[in-house]
Amino acid sequence: MELEPELLLQEARENVEAAQSYRRELGQRLQGLKEARRQIKESASQTRDVLKQHFNDLKGTLGKLLDERLVTLLQEVDSIEQETIKPLDDCQKLIEHGVNTAADLVQEGEIALLGGVGEQNEKLWNFTQKASHIQLDSLPEVPLLVDVPCLSAQLDDSVLNIVKDHIFKHGTVASRPPVQIEELIEKPGGIIVRWCKVDDEFIAQDYRLQFRKCTSNHFEDVYVGSETEFIVLHIDPNVEYQFRVCARGDGRQEWSPWSVPQIGHSTLVPHEWTAGFEGYSLSSRRNIALRNDSESSGVLYSSAPTYFCGQTLTFRVETVGQPDKRDSIGVCAEKQNGYDSLQRDQAVCISTNGAVFVNGKEMTNQLPAVTSGSTVTFDIEAVTLGSTNNNEGGNFKLRPFRIFFIFTVYFHFLWTER
């Protein structure tokens with residue numbers, strides 16, 4: 001049965017769209033294969049370079065160590081030779097002196113004997129007297145060869161087998177690292193990096209996280225510890241960073257291979273305090289505020305409303321001084337000057353004694369007092385108002401609104417004595 005022209009046309013259009021979608025999917029898979037091939041090629045090339053450099057360094061180090069050991073042993077030979085030769089030299093000098101003395105005595109005696117007894121009586125007398133003072137029967141002792149050092153080198157050839165065995169076992173090539181980065185979450189001025197083990201048999205003792213700007217050639221350590229997530233601070237907005245992580249096995253010193261690098265960025269600008277407020281002194285990054293001795297008082301606001309619905313805000317108090325009932329930590333819907341506290345309308349705050357204020361009214365909730373080292377966290381979420389009866393159905397929700405922050409997850413507020 002033949003299809004009507006309109007249905008045939010519709011089916012043809014659907015087939016074209018399906019073919020286009022299929023082509024796009026195949027193109028994406030080809031791109032994925034390309035990336036996989038690139039990763040294998042690049043990692044293999046980097047691994048070759050690392051192996052060559054390592055073994056060249058190892059050969060240089062081993063050669064240097066062998067040369068140093070050879071010098072030490074040769075110096076030891078020189079020292080033994082000098083110490084044991086010296087007594088022999090002294091003995092030789094003594095014997096040579098005796099030989100010369102005996103030769104002179106023989107010559108003098110022969111001359112005395114040629115003259116006879118009558119005429120040479122005085123010469124014979126002098127020779128006899130001289131000979132009597134020389135101990136012609138006393139000979140210096142010469143050491144036996146068995147008592148003289150005979151140097152030799154004791155070389156244990158088994159060291160070659162030991163070194164060979166260690167060299168043959170030195171180094172491994174891993175095709176898959178035991179840990180991988182699983183999530184990058186942007187935060188104002190920072191990125192939360194989360195990682196996990198992908199090798200169930202690997203028992204991790206510590207993790208090591210590194211990052212770098214994509215334009216840089218050098219990774220730097222940012223975290224070493226047992227946790228599986230870390231927030232990297234001081235991230236420039238809209239700048240791509242590369243992250244990688246490795247692990248150290250339980251009871252081992254060496255680190256595992258690096259994970260596949262992941263690229264992340266944050267579009268959220270970092271929080272900053274409003275500069276120029278007389279009552280507070282700010283750090284160079286304007287992320288730490290310290291109450292000074294100025295008599296002026298008031299609320300220190302953020303420089304911009306950068307805290308949005310759905311974000312979590314954690315504040316840390318480093319130092320506290322003399323408390324004041326107006327001291328509080330909180331967030332507000334809009335900046336209002338002229339107030340000396342956030343205990344006012346359109347604000348939620350927690351005072352230093354743990355009291356909770358909403359729109360200027362104290363709630364029945366009572367939190368622990370804010371002390372040095374305390375952290376306070378705020379969560380802002382959209383809330384459901386109720387169901388509608390229209391045909392579309394669904395729920396109405398409060399529209400997310402921007403608010404000014406008073407403390408931020410990255411910034412510290414310091415109380416001091418007033």
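Helix α1 gives the most residues to the lining of the largest pocket, with 13. Helices here are DSSP runs of H or I with at least four residues, strands are runs of E with at least two, and both are numbered from the N terminus. The structure is a predicted model, in which local features need pLDDT of at least 70 and side-chain atom pairs count only at pLDDT 80 or more, while totals for chains, interfaces and linings use all residues. Residues are numbered from 1 along each chain as its sequence is written, and side-chain values use heavy atoms, with hydrogens and water left out.

The largest pocket has a volume of about 1800 Å³. A pocket is an open set of points on a 1 Å grid over the protein atoms alone, with protein on both sides within 12 Å along at least five of seven lines, and lining residues have an atom within 4 Å of a point. Of the 42 lining residues, Ser-43, Thr-47, Ala-174, Pro-257 and Trp-258 are the closest to the centre of this pocket. The elements that give two or more residues to the lining are α1, β6 (241-249) and β7 (262-264). By class, the lining holds 19 nonpolar, 15 polar and eight charged residues.

The surface also carries a nonpolar patch, whose members include Leu-51, Phe-55, Val-163 and Phe-168. Patch residues have over 30% relative accessible area and no salt bridge, and nonpolar side chains are joined within 5 Å. Helix α4 gives the most to this patch, with five residues. Phe-168 is found in helix α4, and this residue counts as exposed because its relative accessibility is 68%, where exposed means over 50% with a 1.4 Å probe and protein chains only.

Technical notes
Patches are made of residues with over 30% relative accessible area and no salt bridge: like charges are joined within 9 Å, nonpolar side chains (Val, Leu, Ile, Met, Phe, Trp, Tyr) within 5 Å. Accessible areas come from the Shrake-Rupley method with a 1.4 Å probe; for residues, only the protein chains shown count as cover. A salt bridge is a side-chain nitrogen of Lys or Arg within 4 Å of a carboxyl oxygen of Asp or Glu. Buried means under 20% relative accessible area, exposed over 50%, partly exposed in between (1.4 Å probe, protein chains only). On a 1 Å grid over the protein atoms alone, a cavity is a set of points where a 1.4 Å probe fits but cannot get out, and a pocket is an open set with protein on both sides within 12 Å along at least five of seven lines; lining residues have an atom within 4 Å of a point. Grid points are joined across faces, edges and corners, and a volume is the space filled by probe spheres set on the points. Ala, Val, Leu, Ile, Met, Phe, Trp, Tyr, Cys and Pro count as nonpolar, Asp, Glu, Lys and Arg as charged, and the others, Gly among them, as polar.
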